[in-house]
Amino acid sequence: MIQLYQPLNFMGTLYRETRQAIVDIEKMFAIISEQPEIADRPDARDLVVREGRVVFDNVAFAYDPQRPILRDVSFEAAPGATIAIVGPSGAGKSTISRLMFRFYEPQSGRILIDGQDIAAVTQRSLRDSIGMVPQDTVLFNDSIAYNIRYGRWDASMEEVREAARLAQIDNFIRSAPGGYGAQVGERGLKLSGGEKQRVAIARTILKGPPILVLDEATSALDSFTEHEIQEALARVSRGRTTLVIAHRLSTVVDADEILFLDQGRVMERGSHQQLLARGGAYAAMWSRQREADAAERALRRAAQEE
Ligand code: ATP
């Protein structure tokens, strides 16, 4: 029996490793297509995260040298704090998350994590330390359990389930035909944007990184899903330094600091209450969103009454 078991076990390992390699190649291509020029410096060291303090120090950036995207962006996220970045479309919000992950490098200024310039550390150690919940999560054509376990390969099935529960996606998975074994993708289970984002949150919970970057989906989610995602995000960001790129201001009212970005500059900063009291661009955006929400609710009520 043992004679048969060993080769089978070896083949299993080989299969898993090959599959992991395919996934890594996909990841690699995603990163290469994002930014081919970034490479580790020859003397790059591993990032050591002690408390998770994130500092943007006068960061300027342009994809194309003729067109500056970020100018003089400075902020500091204390360990465990949540910093929200808001502002009009095209202001440069997601660019900040791309720089944080070092898909691109600033033209000037520095990004520091616990005092270490991220340009001087290995990309692998940087990306291992940051959990990213992107706007559009790409899932693999594999089981839903595999897609969650991608956050940490040695996680037990129990841990996978617990992460899914915290991310508010466990009920959905259990009610799907095949449960955690259900295949995701073209010929399998099709997930909505909100469900995919919750799978990404479950992955991040398993990974347990000290720093989080959450890029809120721009696509409209119904208010129930939005509420569920908000709760899941609030759970995962507890005790972790978190950068939230937000489109709906209702999601950032509890942030420790909100930066209002416009044309790549931080135009206003402060807590939700401070920014409302200031009566500037943030306050105007807040009123507009509240009016839009109220109009939408009225429309929905009218449609229900018909
Ligand atoms: P939104 O709220 O619509 O998501 P945003 O504030 O997150 O917008 P970014 O995605 O950071 O904005 O984009 C800022 C600007 O940079 C935009 O004008 C965009 O067209 C430009 N941009 C984004 N990615 C690239 C790229 N890879 N190459 C060139 N320009 C880019």
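Reader: In the protein chain, what share of the contacts with a separation of 6 or more do residues 24 or more positions apart account for?
Author: This is a predicted model: local features need pLDDT of at least 70, side-chain atom pairs count only at pLDDT 80 or more, and totals for chains, interfaces and linings use all residues. Numbering starts from 1 along each chain as its sequence is written. A contact means C-beta atoms, placed from the backbone, within 7 Å of each other. Of the contacts in the protein chain with a separation of 6 or more, the part from residues 24 or more positions apart is 72%.

Reader: How many helices and strands does the protein chain have?
Author: Both are DSSP runs, numbered from the N terminus: helices are H or I with at least four residues, strands are E with at least two. The secondary structure comes to 10 helices and 10 strands.

Reader: What percentage of the 306 residues in the protein chain is buried?
Author: A residue is buried if 20 or more other C-beta atoms lie within 10 Å of its own, exposed if 12 or fewer, and partly exposed in between; C-beta atoms are placed from the backbone. For the 306 residues of the protein chain, the buried part is 32%.

Reader: Which are the edge strands of the open sheet of 6 strands?
Author: Strands pair if DSSP finds at least two bridges between them. The order is S6-S7-S8-S3-S9-S10, with mixed pairing. Two strands pair on one side only. They are S6 (130-133) and S10 (265-270).

Reader: Which buried residues lie on each face of S3?
Author: In a regular strand, side chains alternate between the two faces of the sheet. In S3, 5 of 5 residues are buried. One side has Thr-82, Ala-84 and Val-86; the other has Ile-83 and Ile-85.

Reader: At about what angle does H2 run to S8?
Author: Axes are lines fitted to C-alpha atoms, for helices over the stretch in contact, and angles run from 0 to 180 degrees between N-to-C directions. H2 (residues 93-100) lies across S3, S6, S7 (211-215), S8 and S9. To S8, H2 runs at about 145 degrees.

Reader: At about what angle does H2 run to S1?
Author: S1 (54-61) is in an open, antiparallel sheet of 4 strands, in the order S2-S1-S4-S5. The edge strands here are S2 (70-77) and S5 (116-117). H2 lies across S1, S2 and S4. Its angle to S1 is about 115 degrees.

Reader: Which residues of H2 are buried?
Author: H2 is followed by Arg-102, whose phi is positive, near 60 degrees. Within H2, the buried residues are Lys-93, Thr-95, Ile-96, Ser-97 and Leu-99.

Reader: Which residue in S5 is the bridge partner of Leu-112?
Author: S4 (residues 108-113) and S5 run antiparallel, joined by 2 bridges. In S5, the partner of Leu-112 is Asp-117.

Reader: Which residues come nearest to the ligand?
Author: A residue is near a molecule or strand if its C-beta atom, placed from the backbone, lies within 6 Å of it. There are 12 residues around the ligand. Those that come nearest are Tyr-63, Ser-89, Lys-93, Ser-94 and Thr-95.

Note on methods
Two residues are in contact if their C-beta atoms, placed from the backbone, lie within 7 Å.
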